[in-house]
Amino acid sequence: MSIIRAYSTIRHLKAAQIKGQLRHRLFPYGERPERVRQMPLPDMPECCWDRYATFPAPGAQGNEAKAIEEGRFTFLNREETLGWPPADWDVPGLPKLWQYNLHYSEWLWALGYPAARTAILDWIERHPLEKSRVGWEPYPTSLRIMNWCGVCFAKFRGRSREDHDFKRALWGSVYLQAEWLSRNLETHLLGNHLLENGAALAFVGSCFGQQAWLSKGMEILREQLPEQILSDGMHFERSPMYHSRVTYLLTLLSNTKHEALKQIVDDPLVRAREALARLCHPDGEIALFNDSAFRIYNPPRDLLGNASKQALGAWALPDAGYYGWRGADGSYLICDAGPIGPDYLPGHAHGDMFSFELSLKGHRVIVDSGVYDYVPGEMRSYCRSTRAHNTVEIDGQDQCEFWGAFRVARRGYPCNVQWGPAPDGFRLGAEHDGYRRLPGKPIHHRTFLWDGSGCLEITDRIQANRVITAVSRLHLDPACRITSMDKGEVRVEYPEGKFRISIGASGTFRQEESLYCPEFGRKEPNVAVAVTLKGKEIETKLSVVSS
């Protein structure tokens with residue numbers, strides 16, 4: 001690793017994060033497992049939740065009871081046969097995120113009471129607390145104890161209350177897990193990980209009336225929510241997928257009906273739902289900016305509540321940097337003119353400044369890359385790269401210096417953002433300095449001009465101190481088919497109609513092979529229209545016009 005890259009990465013970290021990283025690397029778990037295991041177990045309290053409290057199941061459940069009880073588990077579009085109950089809860093040969101999903105226990109929501117009981121007791125018996133076990137890492141522990149409590153003390157509350165042997169075993173394990181979690185908070189990561197830790201402690205604390213967990217969880221929420229939920233309601237990591245998860249978490253905490261918790265989460269929840277409504281295409285699914293994929297977290301329609309009625313016309317989430325339009329004719333446009341994320345936490349960021357997604361007549365036609373996986377490698381690098389997005393790549397480089405799976409060294413920032421909504425469309429202009437680290441110090445300025453009747457005009461201006469090569473790309477939905485491509489015009493058919501792309505520049509244009517990754521573990525071939533220009537001062541104009 002170069003000194004410049006290391007410095008450019010580390011200098012943005014918070015002091016608490018650096019301290020947490022040192023502790024995590026030198027002492028992976030600050031508390032010794034044997035000390036936590038030996039703690040005396042208090043008498044089991046009764047469930048404190050209102051008897052009418054209900055909680056939505058998490059995520060887009062891809063596992064059905066029949067398959068699970070046959071020992072087949074599917075996560076990230078990958079099915080594995082583990083047996084029932086799983087022959088081994090440690091599956092080191094599988095990707096870590098797949099293992100995480102197994103230990104989240106979200107699939108318990110698909111089961112009846114006897115099968116859920118069997119799985120929980122088996123996990124308790126055969127996956128004890130030990131260092132370096134995936135199932136006991138703080139993040140899966142956070143999700144698991146929320147799911148166990150939601151399933152056992154809300155969905156199956158009556159059955160669990162009368163099942164005294166199960167209830168005692170469950171309480172013993174949840175107590176151990178919550179105590180372990182409270183001693184191993186993910187301060188080395190912060191962001192959504194620490195928020196999950198706090199939400200889990202608050203949720204389980206409210207279930208059992210355990211003031212220590214509740215107080216620590218609420219302390220984290222009070223500290224983190226004002227920073228993590230921007231004033232426009234968007235989660236500060238600017239991933240629509242993670243924003244969906246945070247909206248779910250806030251819903252879960254509000255549904256406990258615990259008054260102190262509701263005072264903390266209800267206002268952010270209202271704003272988060274309103275922001276989520278802005279991020280949805282007419283098909284009901286999220287935009288795929290940054291690390292985002294379908295079928296991971298709850299579909300937006302299950303989370304929106306009173307925000308489900310989506311206003312028409314121009315809209316803006318100015319703190320997040322997302323701007324767009326929703327039309328009665330099924331048109332939808334979302335543009336990214338915001339920073340890649342919080343400086344100290346850019347791990348879920350992509351090189352997508354000034355990218356956009358477009359739907360016409362309710363159908364996506366211009367799409368972002370999505371995300372394939374979190375494993376360092378070719379697909380992770382591709383999905384994060386600028387060439388995978390509908391923006392301008394200069395000299396074959398990314399807007400930001402991505403490395404590893406979640407690291408960013410030198411990065412750019414948008415500036416001079418000018419937003420002009422109108423009854424019949426909008427104008428959005430901005431520039432970014434992400435390429436100033438390159439020879440010639442290029443600056444990219446982009447203007448979006450949207451006519452609500454179905455015409456998008458994009459003007460790019462690039463200024464540099466030397467000759468550079470710029471490539472502007474438009475990635476088409478896999479259902480789109482290019483029917484002709486000549487004389488500066490590309491004609492495209494899609495299931496609901498036609499549109500054309502006009503290229504007003506002296507450069508060359510071509511069709512490129514591309515990849516669309518709308519779900520983890522799933523990649524679909526698609527095509528991109530690429531326009532290449534060279535010079536010190538470049539201006540190009542692209543128009544997308546619905547036919």
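Is R72 buried, partly exposed or exposed? R72 counts as partly exposed, because its relative accessibility is 26%. Here, buried means under 20% relative accessible area, exposed means over 50%, and partly exposed lies in between (1.4 Å probe, protein chains only). This is a predicted model: local features need pLDDT of at least 70, side-chain atom pairs count only at pLDDT 80 or more, and totals for chains, interfaces and linings use all residues. Residues are numbered from 1 along each chain as its sequence is written, and side-chain values use heavy atoms, with hydrogens and water left out.

**Salt bridges**

- Side chains of opposite charge can pair when their charged atoms come close.
- A salt bridge is a side-chain nitrogen of Lys or Arg within 4 Å of a carboxyl oxygen of Asp or Glu.
- The structure has 34 salt bridges.
- R72 pairs with E70 in one of them, and their closest N and O atoms are 2.5 Å apart.
- E70 is partly exposed, because its relative accessibility is 41%.
- A network of salt bridges links K66, E70, R72 and E79.

**Salt bridges within helices**

- Helices (H or I, at least four residues) and strands (E, at least two) are DSSP runs, numbered from the N terminus.
- D122 and R126 form a salt bridge, at 2.7 Å from N to O.
- About one helical turn separates D122 and R126, because they are four residues apart in helix α6 (residues 113–126).
- D122 is buried, because its relative accessible area is 12%.
- R126 has a relative accessible area of 31%, so R126 is partly exposed.
- D266 and K262 also form a salt bridge, at 3.0 Å from N to O.
- They sit four residues apart in helix α13 (residues 259–278), so about one helical turn separates D266 and K262.
- D266 is partly exposed at 24% relative accessibility, and K262 is partly exposed at 23%.

**A nonpolar surface patch**

- I10, I18, L22 and L26 make a nonpolar surface patch of about 380 Å².
- Patch residues have over 30% relative accessible area and no salt bridge; like charges are joined within 9 Å, and nonpolar side chains (Val, Leu, Ile, Met, Phe, Trp, Tyr) within 5 Å.
- Accessible areas come from the Shrake-Rupley method with a 1.4 Å probe; for residues, only the protein chains shown count as cover.
- Helix α2 (residues 15–26) gives the most to this patch, with three residues.
- L22 lies in helix α2.

- Strand β17 (residues 497–504) has a covered face of G497, F499, I501 and I503.
- Its uncovered face holds K498, R500, S502 and G504.
- Two strands pair if DSSP finds at least two bridges between them.
- Strand β16 (residues 489–494) runs antiparallel to β17, and six bridges join them.
- R491 stands opposite R500 in β17.
- β16 and β17 form a hairpin, with two residues between them.
- Six bridges also join β17 to strand β19 (residues 522–546), and this pair is antiparallel.
- I501 stands opposite V544 in β19.

**Around S369**

- S369 is in the loop between β7 (363–366) and α14 (378–384).
- S369 is buried, because its relative accessibility is 1%.
- A polar atom of the S369 side chain lies 3.2 Å from the backbone oxygen of C383.
- Not counting residues up to four places away in sequence, S369 touches H350, C383, A388, H389, Y516 and C517; contact means heavy atoms within 4.5 Å.

Methods
A polar contact is a pair of N or O atoms within 3.5 Å; within protein, one must be able to donate a hydrogen and the other to accept it, and residues adjacent in sequence count only if both atoms are side-chain atoms.
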